[in-house]
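Try each task before you read its solution.

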Amino acid sequence: MNKQWLKLAIIGIVLTMAPNAQAQAKAKDFEAGMAALLVPYLKIHAAFIEDKADGVPEAAARMEALAREVPAPAAGVNKAKVLARLPAKLLKAVTKLKAAKDLHAQRAAFKQVSRPMVLWATLSRPEGIKIVYCEMEKASWLQRHKGIRNPYHGSKMLFCGQWVKPAGQGEKAR
């Protein structure tokens, strides 16, 4: 009798762990899909800080393809409803970026691309990625640089912005 109860208890534990393991796997897949978007995103950032548009349409097209592949996060994951909307928002914004004809229009579209990326980074905190906010543009972006590099103003105001800390408090740059 005791062995039967033990078997039932083990089966019950395994059954309750299975959905959790699936949710964790889905969460990892979602995070990996979003993290893959950083490569073309940071290429666009690098072009804009140098006042260039070279490679931006190609990087935007790559972001579009990657955003289509991001799986939905698990329903049980914290903030899943917010996270689930990010790929669609990215697709819409990247489409506008691809259609932009000049550097000024591309930078404006990059603000829209940055919004879902910044939201994801705020919630997921990917290693080595910093969030920066430009008060003049009322827009944020992601970067790896130690010093602030503003993609919206490029060489005109390259160092304009403030770091966004996880608690939401900023630290002014120069």
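Before we start, one definition: axes are lines fitted to C-alpha atoms, for helices over the stretch in contact, and angles run from 0 to 180 degrees between N-to-C directions. This is a predicted model, in which local features need pLDDT of at least 70 and side-chain atom pairs count only at pLDDT 80 or more, while totals for chains, interfaces and linings use all residues. Residues are numbered from 1 along each chain as its sequence is written, and side-chain values use heavy atoms, with hydrogens and water left out.

**Exercise 1. The overall plan**

Task: Find how many helices and strands the protein chain has, and the order in which they run.

Solution: 
- Helices (H or I, at least four residues) and strands (E, at least two) are DSSP runs, numbered from the N terminus.
- On that basis the protein chain holds 5 helices and 4 strands.
- Read from the N terminus, their order is α-α-α-α-α-β-β-β-β.
- For burial, take buried as under 20% relative accessible area, exposed as over 50%, and partly exposed as in between (1.4 Å probe, protein chains only).
- Of the 174 residues in the protein chain, 38% count as buried.
- Contact means heavy atoms within 4.5 Å. Among contacts in the protein chain with a separation of 6 or more, 57% come from residues 24 or more positions apart.

**Exercise 2. Helix H2 and its partners**

Task: Work out how H2 is oriented against H3 and against H5.

Solution: 
- Start with H2 itself: its 12 residues reach 16 Å from first C-alpha to last, close to the 16 Å expected at 1.5 Å a residue. The expected span of a helix is 1.5 Å times one less than its number of residues.
- For orientation, angles under 35 degrees count as roughly parallel, over 145 as roughly antiparallel, 65 to 115 as roughly perpendicular and the rest as oblique.
- The axes of H2 (residues 38-49) and H3 (residues 56-69) come within 8 Å and cross at roughly 160 degrees. H2 is therefore roughly antiparallel to H3.
- On the H2 side, this contact includes Pro 40, Tyr 41 and Phe 48, and on the H3 side Val 56, Met 63 and Leu 66.
- Now H5 (residues 103-124): its axis and that of H2 come within 11 Å and cross at roughly 140 degrees. H2 and H5 are therefore oblique to each other.
- Residues that meet here include Leu 38 and His 45 in H2, and Phe 110 and Trp 120 in H5.
- Handedness comes last: a crossing is left-handed if the near helix is turned anticlockwise from the far one by less than a right angle, and right-handed if clockwise. H2 passes H3 in a left-handed crossing, and the crossing of H2 and H5 is left-handed.

**Exercise 3. Helix H4 and its bend**

Task: Find where H4 bends, and describe how H4 packs on H5.

Solution: 
- With 20 residues (80-99), H4 should span 28 Å at 1.5 Å a residue; its end C-alpha atoms are 30 Å apart, which agrees.
- The bend at a residue is the angle between axes fitted to the seven residues ending there and the seven starting there. H4 bends by about 30 degrees at Leu 86, and Pro 87 follows within four residues.
- Leu 86 and Pro 87 are among the buried residues of H4.
- The axes of H4 and H5 come within 8 Å and cross at roughly 165 degrees. That makes H4 roughly antiparallel to H5.
- The contact includes Leu 86, Leu 90 and Leu 97 of H4, together with Val 113, Met 117 and Leu 123 of H5.
- This crossing of H4 and H5 is left-handed.

**Exercise 4. Residues to look up one by one**

Task: Say where Arg 125, Lys 138 and Ser 140 lie, and whether each is buried or exposed.

Solution: 
- Most residues other than glycine have a negative phi.
- Arg 125, in the loop between H5 and strand S1 (130-134), has a positive phi near 50 degrees. Its relative accessibility is 54%, so Arg 125 counts as exposed.
- Lys 138 sits in the loop between S1 and S2, with a positive phi near 55 degrees. Since its relative accessibility is 57%, Lys 138 counts as exposed.
- Ser 140 belongs to strand S2 (residues 139-143). At 19% relative accessibility, Ser 140 counts as buried.
- Leaving out residues up to four places away in sequence, Ser 140 touches Ser 114, Val 118, Ile 131, Val 132, Tyr 133 and Tyr 152.
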